[in-house]
Structures are given as C-alpha cells and as structure tokens.
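Student: Before I use the labels attached to this model, I would like to understand what each of them rests on. Could we go through them one at a time?

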Amino acid sequence: MNLESNANLYVILQSGFPADRQAVAIETPERTYSWRDIDELSGRMANLLRSLDVAAGSRVAVQVDKSPEALMLYLATLRAGLVYLPLNTAYHEAEVTYFLEDAEPAVVVCSESARVWCEPLAHRKGAARVFTLNADGQGSLMQAAAGHGPVFETARNAPDDLAAILYTSGTTGRSKGAMLTHANLASNALTLKAYWGWRSDDVLLHMLPIFHVHGLFVASHGALLAGARMIWLPRLDVDRALHYLPRCTLMMGVPTYYVRLLADARFDREACSNMRLFISGSAPLLVDTFREFQARSGMTILERYGMSETGMIASNPYDPARGERLPGTVGPALPGITVRVVDDADMAVPVGEPGHVQVRGPNVFAGYWRMPEKTRQEFTPDGWFRTGDIGALGGAGIPDDYLSIVGRSKDLIITGGYNVYPKEIEMVIDAMPGIQESAVIGIPHADFGEAVVAVVVPRAGAAVDTQAMLADLKIGLANFKVPKQIHVADALPRNAMGKVQKNVLRQQYTGQH
Ligand code: AMP
C-alpha cells in the first residue's frame, strides 16, 4: 500500500463504488439506499462525530440491531478516524459493563430499549456522548446527524492506525479486544475481492449480524468494494431468503443457515438459478451438509476459515483453475497469507498430521487491546500468530496446501456460528449456591452445529433445581451462551493430571438432548 496516499479503509472501499451513485446499494424489504445515500448519510454522521471533538483513535461502542443506518455508522466512524467497537446485541448489562470499562469508549450508541441502563452506565464509564439507533433506523443519532451536512472529507489515516476492535470471548472468562488496523481490513477485503471474483453486478443476500467479522467485514466490505448491491435482512429468515434468492448471485452464511435452507422443501435448483456462489464459515460445515446441498441445489458451497484476529485466512477456491472445493477442508491459505501447522515446539509437523495452526500476513491484527502480555503469548518469537485451532495440511488424498480444521486447542464451543467459551459459563455456574463444580461442553446438534450443555456437581447434601438455574443464567448471559440442558452428576471425570475429561463428558451426553 502506498504510504503517501490515505490508508483510511473508507477511501479504499469507496474506490469500488460505481460511477452511477444513484444506483441501489442496499435494499431492505422496506426501502432502498443508493450509493449517494451511503456517502451522504455516513458523511452526516462523520460530521456529527467530529463535532463532538473527541480525540482521534477514540472508540465508538455500538450495540444496536442490524440496519443500513448501523452500517453507515460504522463507515462514519472510519471516516472520522475513530475506532469502531461493535457489540453483540445479545449481550446483557453485566457483559456490556465489562466492555465499556475495558475499552473506555468516547461515544456509545445503543437501542432506545437499552437506553435506560446503557446511558447511565456509559456516562459512569466516562463516555462523552450516548446516542440511540433503533432497528428501523430511527433514534437520537439520526436526529443529531440530520443537523449536519452530507459532505465530509475523510480523515487521513496511516495503514497501522486502528480501525476497529472486535471483542472475542476469553478462555479465562475475560474477553480480549482484537485491534484491527485499516491495513488489516483493507488487505483482506482486496484479497477476497479478487479471490472470490466479486463483480459489480453481484447481488449479495446479507442475513448475517454486523457485530462480527463475517457480516461486517467479509460480507459488507466485499459488496462495498465491488460496488455490488446488498439485499439486507435483519437475520436468517428462510421465507424471505427463498423470496430473494432468485435475484441474488451470492450468499454468505454460517453452517446453520445452510442446514435451515435444506430443511425447507421449497429450496431447490430453481431457487438458486441466478446464484454463482454460496460461502460458509465461522464454524465447521459438515460434509453431509455440503453433499446434501450439492445434490439439492447443484451448487458447491465454498468453505473458508478465519477469525476476528485475522479476518479470512484460508478459502476453498472459487476459480476451478485454482483447484476443487473439497468438503471437510477450508482450502489453501489466501494469496499473501501463510499458514503453517506445528507441534508444541513450533516445529512443522509432517503432511496430514494435526498440529497447531499458525498464520502470518498483512491480515494479522495488531494485538489485544491493553493486553501486551497476552499478545506476546499468542505470537511465536518469529512473528506467527497462534490461532488456537488444530488443523492439518494435506493428507488423505487432499492437496498439500489445503488446510483442514480438526479441532480447537482453546476450549471453545461454536453454536449457531457464535463462540462460547465454557470457562465464562462455568464461572457463573460455580458461583451459584449448592454447586460444587461444573463443566460446560459442546455436543453435536443438527441445527446449531454444537449445543451448549452443562454438567453440574452439587455440594454434599445440596438439592439442585436445574430449571431455576437456567432461569438465573438467562438473566446474566446472552441467550446463545445459556446451556440448552443442565445435567446433574456425582463427579466429573478427570485424567491423571486432574484435568476434567471433557471428551468423556461429550461422549456421555451426546444424543441426550
Ligand atoms: P470468530 O473470531 O468469532 O470468527 O471465531 C473464529 C473461530 O471460528 C476460529 O478460530 C475457528 O475455531 C472457527 N472457525 C471459523 N471458520 C471455521 C471453519 N470454516 N471451520 C472450522 N472452524 C472455523
């Protein structure tokens, strides 16, 4: 990237906008937004942000429902040279408190319904301003932005300036903020544009949440950079997906989306007649789903692999000249990115052998927010990022550069595409009266990929009411983290080192839900 030019990600994305700024950029079931609307609305919001006189690099924390206006707010934050911090809409007050304490945002945007607790909390944590933005695109943010002009000269940023912080769940129960630079995000977007053959006449069915790398960066950046239209739905909705699919050329989803489409008898070849590409990621796509999808639709899902800290790392090929899309693999490392699979001593393992997946490239983040020690631990001395995933390169008739993800060294559950770190839930359960200890595991689930299940050991003589526990857990935890079931056991199985054998629990409780 040319250091002389402005490395602000918005400038790079905007270079892909079509010459005809009146063309439709985003279409929702209710209304459309042109490319000019994107530029002008984000311009008004950027002017508003600038008028607040907060320092460059200040955080803008946003916990709002998905709406085109929320995307404009993201773009406005980039344009103003501030750092975007999206928060999962499922997070409750206790969880948001931690993020606001840790990130110290200067501006907080929440929905009107959350204002009653979020506004005082944000002020207590030092935020200068709080605005609201609702699912219908209305709120005090829009009212305030309407008082500002649409023309805004995007801030100048260096490639290494921060653009966004994405919080990942922490293995110790504490979330870590992955700091992503303008160059991290731009390089990944440009690489994916070429690799997946994005075109200006593409129409993307966008049903993913936009508080996460998948929907916010991979999907939205792709469409913006290609000057392609997005059909924008608040969430996966099979009826609506079937309505819009015949007009779309591209869809991105977590595996659950594909399972749900297949569960509907109306999903067939005709529904996909205009489609050129279905992309799956964020969690493993079952080989069965891949094959069933192929048989029903005639389309071969492209599976890719990435994470908040790195954006996309590897992808099955789009162009057949580069190779086949192989089920159970996530394809080769993307151009410009290098992947290696190593043993505990960071030495490469033989082809086909599982080991720790490590990555290098311009996509790799700048470190964890205010956690220099944690950042140091997650990089090898020679600069490779430890993804925490276990994978293998090649083997079993697979080309040597194709990566397969076979497990996770971090104790992570992925349910419906959302990451759940068992430790966080175990800590909450262990603090409940009458509980001696607990283990939270993920067990295979046809719809969610994995379901969260808790196994609890009561204290001697204590009676445990699992329904009451579930009700309590629902108050403090986002719904996707709340166990689908709680089993009561006399003891947890442990190995010789005293570690709980979660594999034994997984075997024991699989199928029991
Ligand atoms: P997140 O940071 O929320 O995007 O989660 C990243 C994690 O999701 C990775 O470290 C992997 O464990 C997992 N993941 C993402 N894509 C895939 C995939 N295609 N197959 C298996 N696991 C995946």
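Tutor: Let us start with Gly 298, which in this predicted model lies in the loop between α11 (287–297) and β13 (302–307).

Student: Why is Gly 298 called partly exposed?

Tutor: Its relative accessible area is 40%; buried would require under 20% and exposed over 50%, so Gly 298, at 40%, falls in between and is called partly exposed.

Student: Which residues does Gly 298 touch, not counting those up to four places away in sequence?

Tutor: With those neighbours left out, Gly 298 touches Arg 269 and Phe 293, where a contact requires heavy atoms within 4.5 Å. The C-alpha atom of Gly 298 is also separated by 8.5 Å from that of Asp 268, although these two residues are 30 residues apart along the chain.

Student: What makes a set of residues such as the one with Ile 38, Tyr 74 and Trp 196 a nonpolar core?

Tutor: The members must be buried residues of the nonpolar kinds, joined through side-chain atoms within 4.5 Å, and the largest set that meets this here has 118 residues, with Ile 38, Tyr 74, Trp 196, Leu 205, Met 252 and Phe 278 having the most contacts inside it. Helix α8 (residues 213–226) supplies the largest share of this core, nine residues, and at least three residues come from each of domain 1 (9–21 + 35–190) and domain 2 (329–409). Among the residues that Met 252 touches are Trp 196, Leu 205, Val 218 and Ile 279. A second, separate core has 40 residues, including Met 179 and Met 432.

Student: What makes β15 and β18 edge strands?

Tutor: The open sheet has four strands in the order β15-β16-β17-β18, and β15 (338–342) and β18 (398–408) each pair on one side only.

Student: What is the area buried between domain 1 and domain 2?

Tutor: It is about 1,200 Å², with carbon and sulfur atoms giving 58%, and this value is the accessible area lost when the two parts are put together, summed over both. On the domain 1 side, Lys 176, Met 179 and Asn 184 lose the most area to domain 2, together 41% of what that side buries.

Key
Residues numbered from 1 in each chain as written. Predicted model: local features only at pLDDT ≥ 70, side-chain atom pairs only at ≥ 80, totals over all residues. Heavy atoms only, no water. Helix = DSSP H or I, 4+ residues; strand = E, 2+ residues; numbered from the N terminus. Buried < 20%, exposed > 50% of the residue type's maximum accessible area, 1.4 Å probe, protein only. Domains from an automatic or database assignment. Pairing = 2+ DSSP bridges. Buried area = accessible area lost by both parts, 1.4 Å probe.
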